[in-house]
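Student: Hey, can we go through this structure together? I'd like to start with the ligand and then move on to the core.

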Amino acid sequence: MTAIYLVGFMGSGKSTVGQYLAELTDLPLIDLDQVIEQEADMSIKTMFKEYGETYFRQLEHDCLMRTLGQEGIISTGGGIIERADNREWLKKQQVIFLKASWSDIVERLKHDNDRPLWQQGLADKEKLFYRRQPLYEEVSQRIIDTHGSSPERVAKIIVEKT
Ligand code: S3P
């Protein structure tokens, strides 16, 4: 039974790398943000606006718990490591941290209007980025530095060394 969890900051490529990984491994892709949006029939952006972040975090936690025993490539949202219970749980799974640099993230998300936590000032986003780095590391068994590698290449690196 194989379940690989991808963690990392917004824009680190979890969803795209997840798609390539799913193809390469012939495993289903489970994108937690997509599952949440489908089940709530609402975008995450609207959910944050209407119900707040805490509400979203609870749905995210519930979705994560439901992946237990499922086979697949599980792409998580960048804030999955915010809750200590999620972190404790992830530590028992096969977790890969896609580590992107701050400048790569800023470049990739420069036109993003959909991620609620990206719509704040640059200094606050940078603080969030650096505060989260040790949390991703804490839950991960492997860290892949994505700088200079395409998502497809990152997926290949993961498969070659698994
Ligand atoms: C979030 C990241 C988003 C999404 C939500 C909150 C975060 O996912 O779950 O907007 O707290 O970093 P991505 O990492 O896929 O952008």
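**Ligand, core and strands**

Student: Before we start, what kind of model is this, and how are residues numbered?

Tutor: It's a predicted model, where local features need pLDDT of at least 70, side-chain atom pairs count only at pLDDT 80 or more, and totals for chains, interfaces and linings use all residues. Residues are numbered from 1 along each chain as its sequence is written.

Student: Is Asp 33 buried or exposed?

Tutor: Asp 33 is buried, because 20 other C-beta atoms lie within 10 Å. The cut-offs are 20 or more for buried, 12 or fewer for exposed, and partly exposed in between, with C-beta atoms placed from the backbone.

Student: And what does Asp 33 touch?

Tutor: Leaving out residues up to four places away in sequence, Asp 33 touches Ile 44 and Gly 77. Contact means that the C-beta atoms, placed from the backbone, lie within 7 Å.

Student: Which helix holds Arg 57?

Tutor: Arg 57 is in helix H4, residues 53–66. Helices (H or I, at least four residues) and strands (E, at least two) are DSSP runs, numbered from the N terminus. Arg 57 is partly exposed, because it has 16 other C-beta atoms within 10 Å.

Student: Which residues surround the ligand?

Tutor: Among them are Asp 33, Ile 44, Gly 77 and Gly 78. Here, near means a C-beta atom, placed from the backbone, within 6 Å of the molecule.

Student: New topic: how many residues are in the largest nonpolar core?

Tutor: The largest nonpolar core has 30 residues, and Leu 6, Val 7, Ile 96 and Leu 98 have the most contacts inside it. Such a core is a set of buried Ala, Val, Leu, Ile, Met, Phe, Trp, Tyr and Cys residues joined through C-beta atoms within 7 Å. Strand S1 (3–7), H4 and strand S4 (94–99) are among the elements that each supply at least two of its residues.

Student: How do S1 and S4 run?

Tutor: S1 and S4 run parallel, joined by 4 bridges. Strands pair if DSSP finds at least two bridges between them. Ile 4 has Gln 94 in S4 as its bridge partner.

Student: What stands opposite Lys 99?

Tutor: That's Asp 145, in S5.

Definitions and conventions: Contact = placed C-beta atoms within 7 Å.
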